[in-house]
Structure formats: structure tokens, C-alpha cells
Amino acid sequence: MAALQALRVCFGSILAVMLDETTAFNHFTAPPAFKGLPVKTRASCMKRGTFYHVQSGCPSKLRMSSREDESKSPFLYFKDVEFYSDESTGLETLSTRPLGRVEEIGIFPLGLVLNPGARVPLHIMEMRYRQLFTKTWEGKQKVGFVMFDQDRNRWAKVGTTARLISFDTKPDGKIMTLGEGDERFRVLKVTRIGSQMEYMKALVEYIDDENTEEDLKPMEEKVWESLKQVLALSNELYGKQLDLKDSLKSLAPRKSYNVGKKPLRSEVVRQRLFSFAVAQVLDMPLLEQQSLLQVQDTKERFRREMGMLEMAQQFLTAQVSLKHAFGSNME
């Protein structure tokens, strides 16, 4: 029963993030589960720091972010999340393996997970982060988003750099900006501890999925078809006519690609971005989203997403059947 209740929260609003969002988030309040809520409702919910079921609004709540509820989650990978700690800087790997591309960047802790290719609107108010985003816009400093877990008061070791698509400074000095996820990285060592007036800096190593010659076409097509089925079921259950974003459709499997042959580099990149676009759609608990971001295997990411979509499909199919049997007044 607890698992079904969790599924209802996580997948009842699975389609909310498929619509374009233009409303800016405050940088310290942007839980993924609020995507799709009306602006006033979302603002009210954010103040309470709780995940809510999008279809029924704030009153029907179930916190999926707190430790006490993690044992009830139908997801299994939240314990894999890597959090940064001073005791384990990652610098010891210098002597045990060759490092990839390393760079010092500005760190921006945020209560969400930014996937490569995903866009997030932000309202920057704190002076230290105004400095960071201004330097990023001017091309003087890269900014890296890392997931901040308020329950643990810790931030994730793996994050994503962001390109700024737009940048608008208001008369009071606050900044409205739109960021797009770019490259993933793993923090090696904090080089400047953040303060009230200075943003944090860290030495990071850029990471990517491991290269493979395996044909992932059948798996990604299965994920794509399952996602569309979940969309159709959710539309039927809630009487909606939602559609997938064009940005997601543009990354979907292409029929012109020859199954069984070694994929071209362009197809490998598209498949990776498609796997992240699907992850962005799935309204999972925050730690599960972070776990998917850490995965450096496109096939494994597809496999986990397929499992979540299958659970969503089973749940929604049962709900649609109950709706047909008992009418639209079913709770």
C-alpha cells in the first residue's frame, strides 16, 4: 500500500514536466515535483518544503525527500548517491588512475538535479551568486549545479555545468536567467569555501558515459513507446490532452537508423541526451534523480527508466480500469 501511494505521488504528476515552464524559480526553492503546479499554488507549496501530488494539489501530500520515508520508496538506488566530504576529496585518485579534463569552476548548490540538455529558469537574489552568474554570462567563470539535500545538509559530488541562455539584471540587482545543462562533472576538491559574500569554487573532473559499441536502439525504442503509453494513460485518467515537449521529441529514436550496426558518434550522443531527457520527465524522488545523473552507462540509465515506466504503466492501467468501473468520482 505504501509503495502504491508513493507511485501515485511520483507518477500521478509524471506528465507535469512535459509542458514548457517559463516561470523563474528562486535558487533555494525549486523541488522538481513542483513542476507543472500553478504559480500561486507552487509558491505556497514551496514555502512548506514538501513534495505534492500535482493532480490534487497541496493538501494531498507525501514527503519523499525525508529519511523516514525513504524505506517506503519504490525506487532502489537513492543509497548510491555520492555526497561530497572534506575527508574524501578524490585527490587520492591522482596516483591510482589518469584523470580526465580538470578545471576549477564556481559551485551552485540547488534543491534540484540539472540533467544535460535540460533547462531551468532561476531568480538569483544572493550577492555571491549574482557575482557567479554575472561572471558566467561574461564568459569569465563556469558555473556547476550540484544537488543540495536539505535533509542531510549535504551536496552531491556529481553535478552539471550550465550554459546561460538568457540573462536579465533587474533594477534592484536581482538576476533572472535561464540555464541549460551541459557537461557532467565530479568534484575532486573544494578550493574556496563559500561565504556570505563569496561563492564556492571547486576543482572538478568532467565525466561522461562510457563508450560502447552495443546497439541500444531496441532498448531506447522500448523506453520511448512506454513513455508514450504512460502519457496516453495519464491523459485518459485525468481528462487531459498533454503532449511531450518538442525538445524531447527531437531526441526520440529515429527510424532511419539501421538496427544492429555500430551506432555513429552522433547517434551515441543523441541516445545519451535522450536518456537524460526521459530522466527529466520522470517525476522521481530527488535522490533517485541524482542517482541517474551519476550513472556513466547509457544502457543502465535506460534500464532503470524502463523499470520506472513499467511501474507507472501498471499503476495507471489499474487506475483507468477503476475509473471505468466506478466513474470519474473515484478518489
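Me: How many helices and strands does the protein have?
Reply: The model shown here is a predicted one, and its chain holds 331 residues, of which 52% count as buried. Counted over the protein, the secondary structure comes to nine helices and nine strands.

Me: Of the contacts between residues at least 6 apart in sequence, what share joins residues at least 24 apart?
Reply: Contact here means that heavy atoms lie within 4.5 Å. Taking the contacts between residues at least 6 apart in sequence, the share that joins residues at least 24 apart is 70%.

Me: Is helix α7 roughly parallel or roughly antiparallel to helix α9?
Reply: Helix α7 covers residues 265-281 and helix α9 covers residues 298-326, and their axes, which come within 10 Å, cross at roughly 30 degrees. Because angles under 35 degrees count as roughly parallel, the relation of α7 to α9 is roughly parallel.

Me: Which residues of α9 does α7 meet?
Reply: On the side of α7, the residues taking part are Gln271, Arg272, Phe274, Ser275, Phe276, Val278 and Ala279. By class, this contact has five nonpolar, three polar and three charged residues. The partners in α9 are Thr298, Arg301, Phe302 and Glu305.

Me: How many nonpolar residues are in the contact of α5 with α9?
Reply: Helix α5, residues 217-238, packs with α9 at an angle of about 25 degrees, their axes being 9 Å apart, and that makes α5 roughly parallel to α9. The contact includes seven polar and eight charged residues, and the nonpolar ones number 13.

Terms used
Residues numbered from 1 in each chain as written. Predicted model: local features only at pLDDT ≥ 70, side-chain atom pairs only at ≥ 80, totals over all residues. Heavy atoms only, no water. Axes fitted to C-alpha atoms, helices over the stretch in contact; angles between N-to-C directions. Helix = DSSP H or I, 4+ residues; strand = E, 2+ residues; numbered from the N terminus. Parallel < 35°, antiparallel > 145°, perpendicular 65-115°, else oblique. Nonpolar A, V, L, I, M, F, W, Y, C, P; charged D, E, K, R; others polar. Buried < 20%, exposed > 50% of the residue type's maximum accessible area, 1.4 Å probe, protein only.
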